[in-house]
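Welcome! Here is a short tour for anyone opening this structure for the first time. Keep the viewer at hand and follow along from topic to topic.

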Amino acid sequence: MSSYDTGKALSEELNPGMEAALDARYGHLLPGMAEGVVDFAYGRQYARPGLPLRDRYIATIAALTALGGQTRPQLKVNIAGGRKAGLSREEIAETIWQMALYGGFPAAINGLNAALEVFEEEDA
């Protein structure tokens, strides 16, 4: 199976419709961009052996939180993906809060607000 095929299966499991949404939004400017994201991010990174998927989501959530508010859309997508990969709400909240040490309190609070939005969407 190619890395694209592996990535496609994983991305559809964790973020259904993501490739199509990326292509619809950016395909006219960057043909192949959506396929590239699926291939590299999901097929070559998230699907790698050596670190469980849920742990990769912890790292991703932490990094996006520490980077700050400009990553809010991606943070929300990855919080939702982390939930599907088995992370509890508490694990996500603790991961985000840990980033207060590295990204600052505003970044952590913004991250917690993004998490609350995802959790509210889950509950709806």
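Let us begin with Glu19, a residue of helix H2. Please keep in mind throughout that this is a predicted model.

**Glu19 and its surroundings**

- Glu19 has a relative accessibility of 10%, and because buried means under 20%, Glu19 counts as buried.
- Leaving aside residues up to four places away in sequence, Glu19 touches Tyr4, Lys8, Ala34, Glu35 and Val38.
- Among these partners, Tyr4 and Lys8 are on the H1 side of the contact between H1 and H3, while Glu35 and Val38 are on the H3 side.

**Ala20, also in helix H2**

- Ala20 has its place in helix H2, which covers residues 18-26.
- Is Ala20 buried or exposed? With 53% relative accessibility, Ala20 counts as exposed.
- Ala20 and Glu91 are 71 residues apart along the chain, and their C-alpha atoms are separated by 30 Å.

**Met33 in helix H3**

- Moving on to helix H3, you can find Met33 there.
- The relative accessible area of Met33 is 26%, so this residue is partly exposed.
- Which residues does Met33 touch, not counting residues up to four places away in sequence? They are Leu22 and Tyr26.
- Met33 and Asp23 are ten residues apart along the chain, with 7.1 Å between their C-alpha atoms.

**How H1 meets H3**

- Helix H1 takes in residues 3-14, and its axis comes within 7 Å of the axis of H3, with a crossing at roughly 90°.
- That angle makes H1 roughly perpendicular to H3.
- On the H1 side, the contact is made by Ser3, Tyr4, Thr6, Gly7, Lys8, Leu10, Ser11 and Leu14.
- On the H3 side, the residues are Glu35, Val38, Asp39, Tyr42, Gly43, Arg44 and Tyr46.
- By type, the residues of this contact of H1 with H3 divide into six nonpolar, five polar and four charged.

**How H4 meets H5**

- Helix H4 (residues 53-67) and helix H5 (residues 72-84) have axes that come within 9 Å and cross at roughly 160°.
- Why is H4 called roughly antiparallel to H5? The crossing angle makes it so, because angles over 145 degrees count as roughly antiparallel.
- The crossing in which H4 passes H5 is left-handed.
- H4 brings Tyr57, Thr60, Ile61, Leu64 and Thr65 to the contact, and H5 brings Gln74, Leu75, Asn78, Ile79, Gly81 and Gly82.
- The residues of the contact of H4 with H5 comprise five nonpolar, six polar and no charged.

**The aromatic rings**

- How many aromatic pairs does the structure hold? There are three.
- In the pair of Tyr46 and Tyr57, the ring centres are 4.9 Å apart and the planes lie at 25°, so the pair is stacked.
- Tyr46 belongs to helix H3 (residues 33-46) and Tyr57 to helix H4, so their pairing ties together parts that are eleven residues apart in sequence.
- Tyr46 and Tyr57 are both buried.
- Ring pairs also bring Tyr42 into the picture, linking Tyr42, Tyr46 and Tyr57 into a cluster.

Conventions
Residues numbered from 1 in each chain as written. Predicted model: local features only at pLDDT ≥ 70, side-chain atom pairs only at ≥ 80, totals over all residues. Heavy atoms only, no water. Axes fitted to C-alpha atoms, helices over the stretch in contact; angles between N-to-C directions. Helix = DSSP H or I, 4+ residues; strand = E, 2+ residues; numbered from the N terminus. Parallel < 35°, antiparallel > 145°, perpendicular 65-115°, else oblique. Left-handed = near helix turned anticlockwise from the far one by under 90°. Contact = heavy atoms within 4.5 Å. Nonpolar A, V, L, I, M, F, W, Y, C, P; charged D, E, K, R; others polar. Phe/Tyr/Trp six-rings, centres within 6.5 Å; stacked < 30°, edge-to-face > 60°. Buried < 20%, exposed > 50% of the residue type's maximum accessible area, 1.4 Å probe, protein only.
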